[in-house]
Amino acid sequence: MARMSAFQRLVTKYQRDVDFLIIYIEEAHPSDGWVTTDSPYSIPQHRSLEDRVSAARVLQQGAPECSLVLDTMANSSSSAYGAYFERLYVIQSGTIMYQGGRGPDGYQVSELRTWLECYDEQLHGPQTRRV
């Protein structure tokens, strides 16, 4: 069984109160471009929307409990949110409540976890722990 990523653990823990959405944008390390050796996938640069759909289906397998949408081929979502190539946001009632740093260096799941823990405490009160 594959290990669950830190992001997947957050989805599992908070999905009762939070809707998670992945916007699949252009491929950061396409197999026919700037290749990285640690990528588990070989996905070529998207040349059409059909290419992007095929690549997104691969991504969806790793996060089946998340809704997944695709950016346009003009990459309008990536441009609007400065996602190049990965970024975490919390949007509540149309307002950005949390904006993570730009990936890969600014992509900090731990920061998102802290925000979600505070949000969860506001909704449900502090958790008591047994000692």
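## Asn75 and its contacts

Leave out the neighbours within four places in sequence, and Asn75 is in contact with Glu26 and Arg52. Keep in mind that this is a predicted model. Asn75 sits in a loop, the one that runs between strand E2 (67–70) and H3.

Is Asn75 buried or exposed? Its relative accessible area is 13%, and the cut-off for buried is under 20%, so Asn75 counts as buried.

## The overall layout

Stepping back, the protein has four helices and four strands. Starting at the N terminus, the order of elements is α-β-α-β-α-β-β-α. The chain has 131 residues, and 26% of them count as buried.

Take the contacts between residues at least 6 apart in sequence: 45% of them join residues at least 24 apart.

## Helix H1 and its buried side

Which residues of H1 are buried? They are Phe7, Gln8, Leu10, Val11 and Tyr14. These residues cover an arc of only 155° around the axis, so they end up on the same side of H1. What do the buried residues of H1 pack against? The answer is E1, H2 and H4.

Val109 belongs to helix H4. With a relative accessible area of 12%, Val109 is buried too. Setting aside residues up to four places away in sequence, Val109 touches Ala6, Phe7, Leu10 and Leu88. Two of these, Phe7 and Leu10, are among the buried residues of H1.

## The largest pocket

The largest pocket comes to a volume of about 1,900 Å³. It is lined by 49 residues, and the ones closest to its centre are Ile22, Leu59, Glu86, Leu88 and Tyr107. Leu88 has already come up, as one of the residues that Val109 touches.

Which elements supply at least two residues each to the lining? They are helix H1 (6–14), strand E1 (21–24), helix H2 (49–62), helix H3 (76–81), strand E3 (89–92) and helix H4 (109–124). H4 gives the most, with five residues. Sorted by class, the lining of this pocket has 32 nonpolar, 10 polar and seven charged residues.

Notes: Residues numbered from 1 in each chain as written. Predicted model: local features only at pLDDT ≥ 70, side-chain atom pairs only at ≥ 80, totals over all residues. Heavy atoms only, no water. 1 Å grid on protein atoms, 1.4 Å probe; cavity = no way out; pocket = protein on both sides within 12 Å on 5 of 7 lines; lining within 4 Å. Points joined across faces, edges and corners; volume = space filled by probe spheres on them. Nonpolar A, V, L, I, M, F, W, Y, C, P; charged D, E, K, R; others polar. Buried < 20%, exposed > 50% of the residue type's maximum accessible area, 1.4 Å probe, protein only. Contact = heavy atoms within 4.5 Å. Arc of directions from axis to C-beta.
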